[in-house]
Amino acid sequence: MQDKTRKTIAEKRKVDTTLFYPAFDYKLKANDIISVNLISITKGEYDLSSIASQGNINSGPGQGQNNPGGGSGYVVNDSGYVFLPVLGKLKIAGMNLKEVEALIQNKVNALLDNTTANVRLLSFYVYFMGEIVKQGAVFAPRDRLTVLEAVALAGGFTEYANREYIKVIRNQNNTAHIYYIDLLDQNIITKQQVYLLPNDILVVEPYRVKGFRQNILPN
């Protein structure tokens, strides 16, 4: 990442820069998968400890150690609801995770004392192709993920990666929205495009010199 307003390396190194990330608040939508974990120090009339393992769907594109987001979860249906044992039918589409936690916490408080609800998003994966060390799925450990964090989780770029043109393909209401991110410009941090959304596909294009070195020079 570079400060493109300054011409030389010496100029860039003399200045400390502070950039502010834009606000981001992910709202749950249909087909998202959440996990619900209820921690209680005392047993009450209802035993809700098994909710975490009784999800109606398994999340993630794979299994095992390469699938850190995998596990049993609850899918948000097309109407925006999830169905939880004992707690029933809850409308959560359009809410963030904190709001969902508060909603579930209120339901649990009516049944049990000293019980804490934790909610995670299990279906936040982005996918890398091209000049990246680890191609494939990358799991977001939180409900927000920047392109810089995603690249780091994927092991970084290869030596041929064109950091100036990172293609992002995003499915929005069955329409593919394609745009480019310039990671040579540090001001990307201040733009909303720095945040990725679940199921984004990132294509890291190679420099043209890759084809020359791999095909022309050996011959």
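Two residues are said to be in contact when their heavy atoms lie within 4.5 Å. The model examined here is predicted, so local features need pLDDT of at least 70 and side-chain atom pairs count only at pLDDT 80 or more, while totals for chains, interfaces and linings use all residues. Residues are numbered from 1 along each chain as its sequence is written, and side-chain values use heavy atoms, with hydrogens and water left out.

Leaving aside neighbours within four places in sequence, Ile-104 is in contact with Val-36, Leu-38, Leu-84, Leu-87, Leu-90, Ala-117 and Val-119. Ile-104 is also among the residues with the most contacts inside the largest nonpolar core, which has 47 residues. Such a core is a set of buried Ala, Val, Leu, Ile, Met, Phe, Trp, Tyr and Cys residues joined through side-chain atoms within 4.5 Å; buried means under 20% relative accessible area, exposed over 50%, and partly exposed in between (1.4 Å probe, protein chains only). In soluble globular proteins, nonpolar side chains tend to be buried together.

Leu-84, one of the contacts of Ile-104, belongs to the covered face of strand β4 (residues 81-84) along with Val-82, whereas Tyr-81 and Phe-83 make up the uncovered face. Strands here are DSSP runs of E with at least two residues, numbered from the N terminus. Strand β4 runs antiparallel to strand β5 (residues 88-91), and 4 bridges join them; two strands pair if DSSP finds at least two bridges between them. Tyr-81 has Lys-91 of β5 as its bridge partner. The two strands form a hairpin with 3 residues between them, and Val-86 in the turn has a positive phi of about 70°.
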